[in-house]
Amino acid sequence: SGMIKTWGVSNWQKSRLQAALEHAERHGLRPPVADSPQNSLAEPSRAVWPNTAFMSPSKREEWLEATSGNVALLGWECLAKGFMCGKWTRADGEFTPEDDVLLSEASAPRWRELQLRIAYCNKENFDRRDRALVIAREKGVALPEVALGYVLSQHPRSFALVGTTSLSHFEQNARAAAVDSVVATLTPEELRYLEMGAPRPAVASACDGKRR
């Protein structure tokens with residue numbers, strides 16, 4: 001008893017998380033301090049995997065209100081299984097009945113690939129990726145760095161969970177969160193541009209920052 005000082009949750013719906021926070025406050029208990037949904041600039045058209053939760057701009061506002069900004073957001077699949085690294089083309093978002101795959105041991109890799117394409121390969125996400133490429137070029141960074149910067153910039157307690165077997169990819173991911181990163185604190189205008197294509201001011205590049 002008393003050994004657990006902090007705890008968090010994963011893939012809870014907002015209503016369940018809010019109920020836990022309210023219950024803890026009413027009874028003088030320790031509330032959850034972290035929540036871990038899918039969170040990416042590439043917004044899935046549905047839950048990527050069964051019984052999981054995902055963040056979106058509209059959900060994020062509701063989530064922040066429900067948590068009063070006191071819960072850390074640990075986003076998983078921030079690079080959308082490679083979508084925000086350039087994986088898949090617009091043609092991969094076109095499906096036919098023949099593409100459907102029943103899940104079995106033998107078909108598992110094809111089934112998994114199809115779930116990801118259904119979730120991520122849509123016009124809105126390809127448009128978001130194109131806008132992220134614009135910012136990447138202007139800031140002198142790689143596309144995945146902008147994608148991770150988008151997650152890190154959402155609010156002070158927003159974190160990006162990433163995993164890789166590549167040292168170069170690890171170093172690239174780390175640059176997105178470095179102290180001198182030009183994408184870890186994107187402006188609200190830049191976030192809205194990435195999400196919706198809203199107008200934005202001129203973007204400073206990494207080279208500009210070094211000259212100063």
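**Entry 1: a charged network**

My cut-off for a salt bridge is a side-chain nitrogen of Lys or Arg within 4 Å of a carboxyl oxygen of Asp or Glu. Before going on, I note that this is a predicted model, where local features need pLDDT of at least 70 and side-chain atom pairs count only at pLDDT 80 or more, while totals for chains, interfaces and linings use all residues. Residues are numbered from 1 along each chain as its sequence is written, and side-chain values use heavy atoms, with hydrogens and water left out.

Lys-123 counts as exposed because its relative accessibility is 55%. For the record, buried is under 20% relative accessible area, exposed is over 50%, and partly exposed is in between (1.4 Å probe, protein chains only).

How many salt bridges does the structure hold? I get ten. One of them joins the side chains of Arg-60 and Glu-195 at 2.7 Å, N to O. Arg-60 is in helix 2 and Glu-195 in helix 7, so this pair ties together parts 135 residues apart in sequence. Buried or exposed, I asked of Arg-60? Arg-60 is buried, with a relative accessible area of 7%, and Glu-195 is buried too, at 10%.

Next I checked Lys-139 and Glu-190, whose side chains form a salt bridge at 3.4 Å, N to O. Lys-139 belongs to helix 4 and Glu-190 to helix 7, so parts that are 51 residues apart in sequence are tied together by this pair. Both residues are buried.

I then went through helix 7 itself: Glu-190, Leu-191, Tyr-193, Leu-194 and Glu-195 are its buried residues. They pack against helix 2 (57-67), helix 4 and helix 5. After the helix comes Gly-197, with a positive phi near 80°.

**Entry 2: the cores**

A nonpolar core here is a set of buried Ala, Val, Leu, Ile, Met, Phe, Trp, Tyr and Cys residues joined through side-chain atoms within 4.5 Å. Which members of the largest core touch the most others? Out of 32 residues, I find Phe-83, Met-84, Tyr-120, Ala-132, Val-146 and Leu-194. Helix 3 (108-120), helix 4 (123-139), helix 5 (143-152) and helix 7 (188-196) are the elements giving two or more residues to this core. Helix 5 contributes the most, six residues.

I listed the contacts of Phe-83 (heavy atoms within 4.5 Å), skipping neighbours within four places in sequence: Ala-42, Trp-88, Tyr-120, Cys-121, Asn-125, Phe-126 and Arg-129. Another core, of nine residues, lies apart from the largest one and includes Trp-12, Leu-17, Met-55 and Leu-73.

**Entry 3: Ser-36**

Ser-36 sits in strand 2 (residues 34-36) and counts as buried, at 10% relative accessibility. Leaving out neighbours within four places, I see Ser-36 in contact with Val-9, Ser-10, Asn-11, Leu-74, Trp-76 and Leu-161. I also compared Ser-36 with Ala-91: they are 55 residues apart in sequence and 31 Å apart in space, C-alpha to C-alpha.

**Entry 4: a surface patch**

Met-3, Ile-4 and Trp-7 form a nonpolar patch on the surface, with about 380 Å² of accessible area together. Patch residues have over 30% relative accessible area and no salt bridge, with like charges joined within 9 Å and nonpolar side chains (Val, Leu, Ile, Met, Phe, Trp, Tyr) within 5 Å. Areas are from the Shrake-Rupley method with a 1.4 Å probe, and for residues only the protein chains shown count as cover. Ile-4, in the segment before strand 1 (8-10), is exposed at 65% relative accessibility.

**Entry 5: the whole chain**

I count eight helices and four strands, taken as DSSP runs (H or I, at least four residues; E, at least two) numbered from the N terminus. Their order along the sequence is β-α-β-α-β-α-α-α-β-α-α-α. The radius of gyration is 19 Å, close to the 17 Å that the globule rule gives for 212 residues, so the chain is as compact as a globular protein of that length. That radius is taken over C-alpha atoms, and the rule is 2.2 Å times the number of residues to the power 0.38. Buried residues make up 43% of the 212.
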